[in-house]
Amino acid sequence: MYTLLLVDDEERMLDLLELYLAPNGYRCVKRRSGAEAIDYLRRHHADLVLLDVMMPELDGWETCRRIRSFSNVPIMMVTARDETADIVQGLKIGADDYVTKPFDEAELLARIEAVLRRTVGGRSAIRAAGLVWDEEEHTVRYEDKPIALTPKEFAILGLLLKHPNQVFSRGQIIASLWGYLADTEERTVDSHMKNIREKLRKAGFPADEYLQTVWGVGYKWEGRKS
């Protein structure tokens with residue numbers, strides 16, 4: 001299920017968007033200001049942001065700019081402003097698409113699906129705090145510096161990056177990467193985690209801030225993917 005972050009200062013519009021989107025299998029998270037949206041994205045994952053332009057205090061333009069300073073999450077501007085200059089501005093500052101109000105429900109859904117196909121569906125790389133884990137190329141880089149991981153280290157890091165803030169027990173990690181019937185010992189996971197941390201630190205990445213041990217439970221990646 002895709003998570004859509006809906007951002008509009010009008011509660012009625014948020015409810016209307018949710019009414020259109022939720023029955024089509026989308027999980028909707030609603031926020032009524034740009035500041036609330038930015039705070040959410042710094043702590044949680046979203047697959048797409050539907051962002052209103054005309055909001056008090058922090059408008060959609062500035063909200064989009066600030067989101068782009070730390071995240072590549074797809075952004076669709078949803079606004080009554082339909083001048084060509086406005087559309088061009090939105091695309092230039094980082095929006096992936098632009099829908100004007102009033103919108104047709106079928107068109108909105110089709111545009112959302114198209115953006116998700118272009119971005120989420122076709123994305124093999126996960127970016128987090130300057131770290132890039134690329135599944136297709138099977139590489140890990142930090143600020144363009146390569147980090148050499150073994151295949152199992154690469155897979156463990158990818159598992160955690162794909163599910164930010166989710167705690168995985170050692171048993172769950174073994175089952176996911178070695179298989180349920182594997183007789184791999186849990187301390188093997190600890191050894192791999194130690195090696196991953198050391199290699200990330202050596203590259204200058206603040207591993208302890210993001211790759212965290214949840215004592216008595218397991219491990220998690222603190223933060224969000226993009």
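A disulfide is here a pair of cysteine sulfur atoms within 2.5 Å, and the structure holds zero of them. The model is predicted, so that local features need pLDDT of at least 70 and side-chain atom pairs count only at pLDDT 80 or more, whereas totals for chains, interfaces and linings use all residues. Residues are numbered from 1 along each chain as its sequence is written, and side-chain values use heavy atoms, with hydrogens and water left out.

**Cysteines**

- The sulfur of Cys28 lies 20 Å from the closest cysteine sulfur, that of Cys64, which is too far for a bond.
- Cys28, at 16% relative accessibility, counts as buried, a term that means under 20% relative accessible area, with exposed over 50% and partly exposed in between (1.4 Å probe, protein chains only).
- Cys64 also counts as buried, at 0% relative accessibility.

- Strand E4 covers residues 75-79, and five of its five residues are buried; strands (E, at least two residues) and helices (H or I, at least four) are DSSP runs, numbered from the N terminus.
- In a regular strand the side chains alternate between the two faces of the sheet.
- In E4 both faces are covered, with Ile75, Met77 and Thr79 buried on one side and Met76 and Val78 buried on the other.
- Strand E3 (residues 48-51) pairs with E4 in the parallel sense over three bridges, where pairing requires that DSSP finds at least two bridges between two strands, and Leu50 stands opposite Met76 in E4.
- From E3 the chain passes through helix H3 (residues 60-68) to E4 in a right-handed β-α-β crossover, meaning that, with the strands pointing away from the viewer, the path from the first strand over the helix to the second runs clockwise.
- E4 also pairs in the parallel sense with strand E5 (residues 97-100), over four bridges, and Tyr98 in E5 is the bridge partner of Met77.

**Helices H1 and H5**

- The axes of H1 (residues 11-21) and H5 (residues 105-118) come within 10 Å and cross at roughly 75°, the axes being lines fitted to C-alpha atoms over the stretch in contact and the angles running from 0 to 180 degrees between N-to-C directions.
- H1 and H5 are therefore roughly perpendicular to each other, the class for 65 to 115 degrees, whereas angles under 35 count as roughly parallel, over 145 as roughly antiparallel and the rest as oblique.
- Leu17, Tyr20 and Leu21 of H1 make the contact with Glu105, Leu108, Leu109 and Ile112 of H5, where contact means heavy atoms within 4.5 Å.
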